[in-house]
Amino acid sequence: MVSAVKIIALEEHYWDQEVSSHFKERGPEMRVPALQERLLDLGALRLKEMDEAGIDLQVLSHGAPATQRIDAETAVPLARRANDRLHQAIQKNRGRFEGFAVLPTADPKAAADELERAVTRLGFKGAMVHGLTSVGGAHLFLDDKRFWPIFERAQALDVPLYLHPAVPHKAVIDAYYKDYLDQFPGLMTAAWGFGVETATQGIRLVLSGVFEAYPRLKIILGHLGEGLPFYLWRIDMALARQGNRPTPFRDTFREHFWITTSGNFSTPSLLCCVMEMGADRILFSVDYPFVPNPPGVKWMEHVPLGPEDRAKILHGNAKRLLRL
């Protein structure tokens, strides 16, 4: 039974009140009082719901869009203060919480410095970056070479960067989703838009050459890899056709990416990921509080995996990757 195995949940969100005060738009889901209560709680309620589900440890990360849509001048000191506050919450509940830093990516050098401070001074296990970064009115993917100092520092520190979704670019929303948003607002977020944008981030990183420049760089994708494990063979095949620059896309992805189960408790999808990535590259996550804890834990009890692979996914891989 899962209850006899240590459980580490890797993509579990919270809100810092000062950071979240900068969020200009909040969908109807984000205004639900019970959800807001859980996002702002780093104490009794969160621990109670972890205990009820049998989760031993949460790696805490700020909810989207965190500091990625905030100008550099504001974001640099704001990220520092938010990381300090998260550190204090972790210290109050040592052994139950760890943290991923928020980074002021609009200033890549400052973001790299804050990553180093968060890891070396605060004991954080890496950082989470949400969607596109706003820089001078533009919305940039992370493969832009301006952001490469962050990757260089992550490699030097030997910590992963977790790429998480945020609301897509307005032009994408208008072109792809707006016709259905009145009736299905989730289409542009968790139902489809989130995954498309974050998978695109992952694809662009592989094609950019960043992993050739930083061969020990580690990236995490949630939601069972945003669908990419299912598509790896086809992407690899299509990019091998005449007219494309040669790239070992599939091999590069499987060498540099880890994926989590956050908010995607599908047995067929998980088994596909195990076959494509290997059980060593998959980590348990819930996506709390957007997804409640019990369904994910109960799901893992019945996934048709052997005890070794189940233990790897539930805690072993996280312990190795994050050096817990």
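The largest nonpolar core of this predicted model has 69 residues, and those with the most contacts inside it are Leu103, Leu115, Phe151, Leu161, Ile219, Leu270 and Phe284. Helix α6 (residues 148-157) gives the most to this core, with 5 residues. Apart from it lies another core, of 13 residues, among them Val59, Phe100, Tyr162 and Ala318. A nonpolar core is here a set of buried Ala, Val, Leu, Ile, Met, Phe, Trp, Tyr and Cys residues joined through side-chain atoms within 4.5 Å. Buried means under 20% relative accessible area, exposed over 50%, and partly exposed in between, with a 1.4 Å probe and protein chains only. Helices (H or I, at least four residues) and strands (E, at least two) are DSSP runs numbered from the N terminus.

The model is predicted, so local features need pLDDT of at least 70 and side-chain atom pairs count only at pLDDT 80 or more, whereas totals for chains, interfaces and linings use all residues. Residues are numbered from 1 along each chain as its sequence is written, and side-chain values use heavy atoms, with hydrogens and water left out.

**Helix α6 and Pro108**

Helix α6 is mostly covered, with 7 of its 10 residues buried. These are Trp148, Ile150, Phe151, Arg153, Ala154, Gln155 and Leu157. The buried residues of α6 pack against α5 (108-120), β7, α8, α9 (210-213) and β8. Contact means heavy atoms within 4.5 Å. With neighbours within four places in sequence left aside, Phe151 is in contact with Leu142, Leu161, Leu205, Val210, Tyr214, Leu217 and Ile219. Just after α6, Asp158 takes a positive phi of about 60°.

Pro108 lies in helix α5 and is buried, with a relative accessible area of 14%. Pro108 and Val76 are 32 residues apart in sequence, and their C-alpha atoms are 9.9 Å apart in space.

**The sheet**

An open sheet is formed by 5 strands in the order β4-β7-β8-β9-β10, with parallel pairing. The strands β4 (127-130) and β10 (282-283) stand at the edges, each with a single partner strand, so one side of each is left without a neighbour in the sheet. Two strands pair if DSSP finds at least two bridges between them. Helix α8 (residues 193-208) packs on the sheet, where α8 touches β7, β8 and β9 (257-260), and its direction makes about 135° with that of β7.

Strand β7 (residues 161-164) is joined to strand β8 (residues 219-221) by 3 bridges, and the two run parallel. In β8, Ile219 is the bridge partner of Leu161, and Ile220 is the bridge partner of Tyr162. On the β4 side, β4 and β7 pair in the parallel sense over 4 bridges, and His130 stands opposite His164 in β7. In a regular strand the side chains alternate between the two faces of the sheet. Both faces of β7 are covered: Leu161 and Leu163 on one side and Tyr162 and His164 on the other are all buried.

**Helix pairs**

Two helix pairs are set out below. Axes are lines fitted to C-alpha atoms, for helices over the stretch in contact, and angles run from 0 to 180 degrees between N-to-C directions.

| Helix pair | Axis separation | Angle |
|---|---|---|
| α8 and α11 (residues 249-256) | within 10 Å | roughly 110° |
| α10 (residues 228-239) and α12 (residues 267-277) | 8 Å | about 45° |

Angles under 35 degrees count as roughly parallel, over 145 as roughly antiparallel, 65 to 115 as roughly perpendicular and the rest as oblique. Helices α10 and α12 are therefore oblique to each other. Their contact is made by Pro229, Phe230 and Leu232 of α10 and Cys272, Cys273, Glu276 and Met277 of α12. By class, this contact has 6 nonpolar, no polar and 1 charged residues. Ala, Val, Leu, Ile, Met, Phe, Trp, Tyr, Cys and Pro count as nonpolar, Asp, Glu, Lys and Arg as charged, and the others, Gly among them, as polar.

The axes of α8 and α11 cross at roughly 110°. That makes α8 roughly perpendicular to α11. Ile203, Val206 and Leu207 of α8 meet Phe249, Thr252 and Phe253 of α11, a contact with 5 nonpolar, 1 polar and no charged residues.

**Helix α3**

In helix α3 (residues 44-53), Leu45, Arg46, Leu47, Glu49, Met50 and Ala53 are buried. Their cover includes β1 (8-14), α2 (33-40), β2 (57-62), β3 (97-99) and α13 (293-302). Just after α3, Gly54 takes a positive phi of about 85°.
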